[in-house]
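Here is a short briefing to read alongside the coordinates.

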Amino acid sequence: MAIRERMSGNEAVAYAIRQVNPDVMPAFPITPSTEIPQMVSTYIANGEMDTEFIPVESEHSSMSAAIGAQAAGARSLTATSSAGLALMWEELLLAASNRLPLVLTLVNRTLSGPININCDHSDGMGARDTGWIQIYAENNQEAYDNFIQAYPIAEHPSVHLPVMVCQDGFITSHAVENIELLEDGKVKSFVGEYEPEEFLLNPGKPIAVGPYAVSNYVMEAKKNQEIALENAKAVILDVAEKFAAVSGRHYGLFEEYRTQDADFIMLIIGSAAGTAKQAVDELREEGYKAGVLKLRVFRPFPAKEIAQALKNCKMVAIMDRCESYNGNGGPLGSEVTAGLFRYKVMIGAVNYIYGLAGRDFTVEDAKEVFAEMENAMIAGTQPEQYRYIGLRSQEADE
Amino acid sequence: MRTDVTKINEQTPHEELTEGLMMFAGATSKYFKTGEWRTNTPVFHEELCKQCLLCAPVCPDSSIPVKEGLRGGFDYDHCKGCGICAKACPFGAIEMKEGI
């Protein structure tokens, strides 16, 4: 029987870490992810798990130590947020290019500046091209479930890549909600023991990890890494199916909420998807055909699958909780529209920036986005692109 | 499965390279001919050499082989021509020459 509890997102992830009981966890505290290593060290102090916890002096060191431990043959992880992830930048790329299946639990927080501790996706999106698999959660339940699925995905022989399990800072990490937990035994047998084929502390079988490569090898190595990331798509779906058999909870690359006959779809990542679903429910009551596509897996980016899922709607609102300073929209806006073009799905698309640094995104905000799409469709125009929601402006339409 | 890394070369297709370019062998740096980088070359004047062996341990690339207490000729496959050995030699038995 599943265990019914109430927990914050950080508690849920720490609980999952205790159940998986990895070998090594180097970590450095940063808001809002601090509770995760704090709770894990409490579990260790109480003798409830035997992970080797390494208190380090920075996130540069926590990721370096996690890489070293993983290469040595230990199942490793760390946790961070915001500037902590930025300080790991160099090592993130190494973890992926050295094909180390370690896990990072990211609690999304804005990157400075202005300095601020609240949620947006600028940290995770900043690391989007580091070669990591990125899985985003809507709530504490998904943060818990995604963590349990992370190692089976990362360690799959056709993947061997690190996984970033992301949840929204404070909104998910600190809000207490109901949750259904799996029994320790079920989690342990689902995740299994880590038995790497090749590792540094393997007497008589020497290896070198991360050697210098001359130009004649680098493109081939990168291509192989890209193939592994593509392979991850099928593995993520396969692991999700196995997880459903254990938990009864189903996951895909994204969730399609009432999109089947939808004219207008909001494409969104993370906790705000719950807000968008509420808006859709209310609009459906009024007979309005609205839906939500909640992206769970951002890397590998399921461009083809998204294009397929959107092809029958009239217009999509692509919601970015991140400014990318490319002058043309947010990261999700750029990638989704590129995907639609490549697969020749010529629907209307409009990109919005919302919720930066914890700015509220309300059901009313979401409903206004849907109304704007409908008005544009009736008028036969395209809504203004790349707009900020809830921005104070002299040109506000009211 | 372990790949025989001695069979990998600059013509190997990407499918046959090791994961993350992991090396399944030790001491492979000797196959990397760093001597190609050299712009100055040490020349060994054996007749001036007293076999004091001050040069061998200061070589950063282990390019002065020592056998049975005697140093031999330079390993030009790996010598980068830094000139430290020439500075260390008290007898002028190592001369730096421009070029390779």
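In what follows, angles under 35 degrees count as roughly parallel, over 145 as roughly antiparallel, 65 to 115 as roughly perpendicular and the rest as oblique. This is a predicted model, in which local features need pLDDT of at least 70 and side-chain atom pairs count only at pLDDT 80 or more, while totals for chains, interfaces and linings use all residues. Residues are numbered from 1 along each chain as its sequence is written, and chains are lettered from A, with ligands numbered from 1, in the order in which they are written.

**Helix pairs in chain A**

- Let's begin with helix α3 (residues 59-72) and helix α5 (residues 89-97) of chain A, whose axes come within 9 Å and cross at roughly 15°. Helices (H or I, at least four residues) and strands (E, at least two) are DSSP runs, numbered from the N terminus. Axes are lines fitted to C-alpha atoms, for helices over the stretch in contact, and angles run from 0 to 180 degrees between N-to-C directions.
- α3(A) and α5(A) are therefore roughly parallel to each other, and their crossing is left-handed. A crossing is called left-handed if the near helix is turned anticlockwise from the far one by less than a right angle, and right-handed if clockwise.
- On α3(A) the contact is made by H60(A), M63(A), S64(A) and I67(A), and on α5(A) by E91(A), L92(A), L94(A) and A95(A). Two residues are in contact if their C-beta atoms, placed from the backbone, lie within 7 Å.
- This α3(A)-α5(A) contact has 5 nonpolar, 2 polar and 1 charged residues. Ala, Val, Leu, Ile, Met, Phe, Trp, Tyr, Cys and Pro count as nonpolar, Asp, Glu, Lys and Arg as charged, and the others, Gly among them, as polar.
- Helix α7 (residues 140-154) of chain A packs with α9(A) at an angle of about 130°, the axes being 10 Å apart. That angle makes α7(A) oblique to α9(A), and the crossing is right-handed.
- Residues that make this contact include I148(A), P152(A) and I153(A) of α7(A), and V235(A), I236(A) and F243(A) of α9(A). By class, the α7(A)-α9(A) contact has 9 nonpolar, 2 polar and 1 charged residues.

**Domains and chains**

- Chain A is divided into domain 1 (3-247) and domain 2 (254-388), with bounds that come from an automatic or database domain assignment. The C-alpha centres of these two domains of chain A lie 28 Å apart.
- Between them, 25 residues of domain 1 of chain A are in contact with 21 residues of domain 2 of chain A. On the domain 1 side, the elements giving two or more residues are α6 (122-126), β6 (133-136) and α9 of chain A, and the largest share, 5 residues, comes from α9(A).
- Where chain A meets chain B, 17 residues of chain A are in contact with 11 residues of chain B. Helix α9 (residues 215-247) of chain A again gives the largest share of the chain A side, 6 residues.
- For chain B, the domain assignment gives domain 1 (1-32) and domain 2 (33-100), and the C-alpha centres of these domains of chain B lie 30 Å apart.

**The sheet and its helices**

- An open sheet of 6 strands in chain A has the order β9-β11-β10-β13-β14-β15, with mixed pairing. Two strands pair if DSSP finds at least two bridges between them.
- β9 (254-257) and β15 (387-388) of chain A stand at the edges with a single partner strand each, so one side of each is left without a neighbour in the sheet.
- Strand β10 (residues 264-269) and strand β13 (residues 315-320) of chain A run parallel and are joined by 4 bridges. L267(A) has I318(A) as its bridge partner in β13(A).
- Helix α12 (residues 331-342) of chain A lies across β10, β13 and β14 (348-353) of chain A, at about 145° to β13(A). Helix α13 (residues 363-379) of chain A packs on the sheet as well, touching β10, β11 (290-295), β13 and β14 of chain A, and its direction makes about 140° with that of β10(A).

**Backbone details**

- Most residues other than glycine have a negative phi, and most peptide bonds are trans.
- A cis peptide bond, with omega about 0°, joins T31(A) and P32(A); P32(A) sits in the loop between β2 (24-27) and α2 (35-45) of chain A.
- The peptide bond from R299(A) to P300(A) is also cis, with omega near -5°, and P300(A) is in the loop between β12 (297-299) and α11 (303-310) of chain A.
- R99(A), a residue other than glycine, has a positive phi near 60°, and its place is in the loop between α5 and β5 (103-108) of chain A.
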